[in-house]
Amino acid sequence: MAKTGFSFGLMIPVGASFGIYSGNNVSYIKSDVGFEFGIHVQPAYFFGLEYLSFGLGLDLGYNRDLFAFKAVVDEKSKGGVAFDNLMIGILPRIDIAFVSIGVGAGIKIPLSGSSYFRESDGGYTSQVYDYKRLQENFKNPYIPYVKAVVDFLLPYNIVLGVYASYDIPLIEYKDPVSNIKISSFDLGGEFGLRF
């Protein structure tokens with residue numbers, strides 16, 4: 001029988017983030033691979049039909065995102081911007097047997113962050129942002145996203161899955177000359193529990 005009623009999931013996503021920088025002066029950098037992870041809670045209510053369940057759910061929690069880049073001229077020179085985000089989203093799902101498919105959207109709110117640049121000759125610079133400095137350095141300090149997941153519901157309430165998401169380029173450096181916006185395409189796996 002398809003499930004009807006409340007469900008609660010606790011998921012840990014871990015994946016690769018492909019940073020994308022757009023704007024007036026980004027010809028000297030290109031996308032690089034970063035690392036992202038999080039801890040998400042996913043409450044939902046499922047409506048059981050004959051062979052499947054439809055769930056209306058939320059995707060809430062913490063996510064750390066890294067928007068990485070490397071220099072075009074010297075690819076050993078690399079940098080990036082990382083944000084520690086509060087995540088608020090919706091994640092409707094369809095469960096068919098032991099497979100759960102979800103497509104959702106939401107917003108990430110950076111609470112803190114950092115940036116770094118490592119040169120190929122060993123030079124290194126970094127900067128840390130608290131919430132106030134984020135507001136001072138970035139326009140639109142929010143990251144809208146869309147997300148798709150495929151989870152496998154295993155015995156003992158264990159869940160293993162894969163996800164893909166896209167961070168929409170809204171957040172922007174407060175630099176009128178460069179006008180640099182940040183986004184990323186993310187791929188990864190997730191594991192956790194669902195009751």
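What percentage of the contacts in the chain between residues at least 6 apart in sequence join residues at least 24 apart? The figure is 65%, where contact means heavy atoms within 4.5 Å.

This is a predicted model, in which local features need pLDDT of at least 70 and side-chain atom pairs count only at pLDDT 80 or more, while totals for chains, interfaces and linings use all residues. Residues are numbered from 1 along each chain as its sequence is written, and side-chain values use heavy atoms, with hydrogens and water left out.

**Figure 1. Overview of the chain, with 1 helix and 13 strands.** Helices (H or I, at least four residues) and strands (E, at least two) are DSSP runs, numbered from the N terminus. From that end, the order of elements is β-β-β-β-β-β-β-β-α-β-β-β-β-β. Along the principal axes, the C-alpha atoms fill a box of roughly 60 × 30 × 25 Å. The chain has 195 residues, of which 42% count as buried; buried means under 20% relative accessible area, exposed over 50%, and partly exposed in between (1.4 Å probe, protein chains only).

**Figure 2. The aromatic pair of F6 and Y45.** Rings of Phe, Tyr and Trp (its six-membered ring) pair if their centres lie within 6.5 Å; planes under 30 degrees apart count as stacked, over 60 as edge-to-face and the rest as tilted. By this rule there are 11 aromatic pairs. In the pair shown, the ring centres of F6 and Y45 are 4.8 Å apart and the planes meet at 75°, so the arrangement is edge-to-face. The pair links distant parts of the chain, with F6 in strand β1 (residues 5-22) and Y45 in strand β3 (residues 33-48), 39 residues apart. F6 is exposed, at 68% relative accessibility, whereas Y45 is partly exposed, at 28%.

**Figure 3. The aromatic pair of F35 and F37.** This pair is tilted, with 5.8 Å centre to centre and 35° between the planes. Both partners have intermediate accessibility: F35 is partly exposed with a relative accessible area of 46%, and F37 is partly exposed with 31%.

**Figure 4. An aromatic cluster and a lysine over a ring.** One aromatic cluster is formed by F67, F83, Y129, F138 and Y173. Elsewhere in the chain, K108 lies over the face of Y145, 5.5 Å from the ring centre. A charge sits over a ring if NZ of Lys or CZ of Arg is within 6 Å of the ring centre and within 35 degrees of the ring normal.

**Figure 5. S7 in strand β1.** S7 is buried, with a relative accessibility of 6%. Not counting residues up to four places away in sequence, S7 touches Q42, P43, A44, F46, R194 and F195. The C-alpha atoms of S7 and L56 are separated by 9.9 Å, with the two residues 49 apart along the chain.

**Figure 6. A164 and S165 in strand β11.** The strand covers residues 158-167. A164 is partly exposed at 26% relative accessibility, whereas S165 is buried at 7%. Leaving aside neighbours within four places in sequence, A164 is in contact with V146, K147, A148, F185, D186 and L187. The C-alpha atoms of A164 and V149, 15 residues apart along the chain, are 6.6 Å from each other.

**Figure 7. Positive phi at N140 and N157.** N140 is not a glycine but has a positive phi of about 45°. This residue is in the loop between β9 (138-139) and β10 (143-153), and N140 is partly exposed at 35% relative accessibility. N157, also not a glycine, has a positive phi of about 65°. N157 is in the loop between β10 and β11 and is partly exposed at 35% relative accessibility.
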